[in-house]
Amino acid sequence: MIDVTAFDAVSFDVYGTILNWEPEIARFLAEWAAAGGWTGDTAELLAAYDRVRQPVQQRRQALRYPEVLRETLRQLGDEWGLPVGAAALERFGGIAATHRPFHDSVAALDAMRAMGLKLAALSNIDNESFATATAAAGLRFDVVVTAERVGAYKPDPAHFWAARADLQALGIGPERVLHVAQSRRADIVVANAIGLKCVWVNRPGHVFGRTGQGAETARPDWQADSLAAVVRLLQAG
């Protein structure tokens with residue numbers, strides 16, 4: 001259980017924790033690869049996508065997320081010997097705006113808000129895609145930090161410093177913030193490093209963010225298999 005009285009705010013990794021992005025990306029990649037004559041395993045292609053995307057996001061000056069997606073697809077095409085046409089690049093570059101929430105996301109955030117908690121989003125995404133996807137899902141946050149806003153992608157801690165400043169402006173200190181995230185790589189390792197209490201949402205069957213950049217060293221304070229389970233931990237406390 002989590003003592004809800006110990007916290008005034010919950011911050012979130014959004015894509016993978018609240019929005020269910022992996023299936024849509026997997027479908028796109030499988031269809032694109034099949035059209036190019038590729039007959040391999042989709043899981044292998046998805047793992048390659050995650051591996052290729054990481055260094056693209058580490059470039060400085062940071063690319064906006066639609067260009068991260070397009071550049072990742074170009075590199076995958078080169079690596080796998082598959083054609084990458086303009087239409088595929090355009091469609092993939094916009095895919096982050098179309099991801100839908102997990103079945104428990106909206107109710108879980110509503111329940112946390114009903115507990116009196118402020119909600120903050122720390123997302124490796126551009127402003128437009130984030131706004132479009134969250135509006136379509138009916139999600140709202142008191143604080144929003146995107147990669148476009150801070151000019152960097154997690155695990156760069158700039159997201160956390162920006163969120164900390166915004167929450168401080170609301171009268172909430174870092175010791176009163178609980179971070180909830182699916183990505184060990186982008187979120188849990190950073191939360192550990194800066195002393196932020198955190199919950200790892202280990203949704204079955206989801207793979208992004210589990211490896212690379214120190215993910216294996218991540219030590220969450222709590223673990224849950226869904227946002228609904230995080231709510232139950234808070235309610236039990």
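**Close-up views of a predicted model**

**View 1. The pairing of strands β4 and β5 in the predicted model.** In this predicted model, S123 has T146 of β5 as its bridge partner. Strand β4, which spans residues 118-123, pairs with β5 in the parallel sense, and the pairing runs over four bridges.

View 2. A search of the whole structure finds one cavity of 30 Å³ or more, and the volume of the largest cavity is about 100 Å³. The lining of this largest cavity consists of 13 residues, of which F160, R164, L167, V177 and L196 are the closest to its centre. Helix α8 (residues 158-169) supplies five residues, the largest share of the lining of the largest cavity. Sorted by class, the residues lining the largest cavity are nine nonpolar, three polar and one charged.

**View 3. The largest pocket and the residues around its centre.** The volume of the largest pocket is about 290 Å³. The pocket is lined by 23 residues, and those closest to its centre are R53, Q57, N124, K154 and A186. Helices α2 (42-57) and α9 (184-194) each contribute at least two residues to the lining of the largest pocket. The classes represented in the lining of the largest pocket are seven nonpolar, nine polar and seven charged residues.

**View 4. The cis peptide bond that joins K154 and P155.** K154 is among the residues closest to the centre of the largest pocket, and the peptide bond that joins K154 and P155 is cis, with omega at about 15°. P155 itself is placed in the loop between α7 (147-150) and α8.

**View 5. The cis peptide bond from R60 to Q61.** A cis peptide bond also leads from R60 to Q61, and its omega is near 5°. Q61 belongs to the loop that lies between α2 and α3 (65-80).

**View 6. The packing of helix α1 with helix α4.** Two packed helices are described by the angle between their axes together with the distance between those axes. The axes of helix α1 (residues 22-35) and helix α4 (residues 86-93) come within 11 Å and cross at roughly 175°. Because angles over 145 degrees count as roughly antiparallel, α1 and α4 are roughly antiparallel to each other. On the α1 side the contact involves I25, F28, L29, E31 and W32, which meet A88, R91 and F92 in α4. The residues of the contact of α1 with α4 comprise six nonpolar, no polar and two charged.

View 7. R113 is located in helix α5, which covers residues 105-114. When residues up to four places away in sequence are not counted, R113 touches L119, R140, F141 and D142. Between the C-alpha atoms of R113 and G205, which are 92 residues apart along the chain, the separation is 28 Å.

Note on methods. Residues are numbered from 1 along each chain as its sequence is written. This is a predicted model: local features need pLDDT of at least 70, side-chain atom pairs count only at pLDDT 80 or more; totals for chains, interfaces and linings use all residues. Side-chain values use heavy atoms; hydrogens and water are left out. On a 1 Å grid over the protein atoms alone, a cavity is a set of points where a 1.4 Å probe fits but cannot get out, and a pocket is an open set with protein on both sides within 12 Å along at least five of seven lines; lining residues have an atom within 4 Å of a point. Grid points are joined across faces, edges and corners, and a volume is the space filled by probe spheres set on the points. Ala, Val, Leu, Ile, Met, Phe, Trp, Tyr, Cys and Pro count as nonpolar, Asp, Glu, Lys and Arg as charged, and the others, Gly among them, as polar. Two strands pair if DSSP finds at least two bridges between them. Axes are lines fitted to C-alpha atoms, for helices over the stretch in contact, and angles run from 0 to 180 degrees between N-to-C directions. Angles under 35 degrees count as roughly parallel, over 145 as roughly antiparallel, 65 to 115 as roughly perpendicular and the rest as oblique. Contact means heavy atoms within 4.5 Å.
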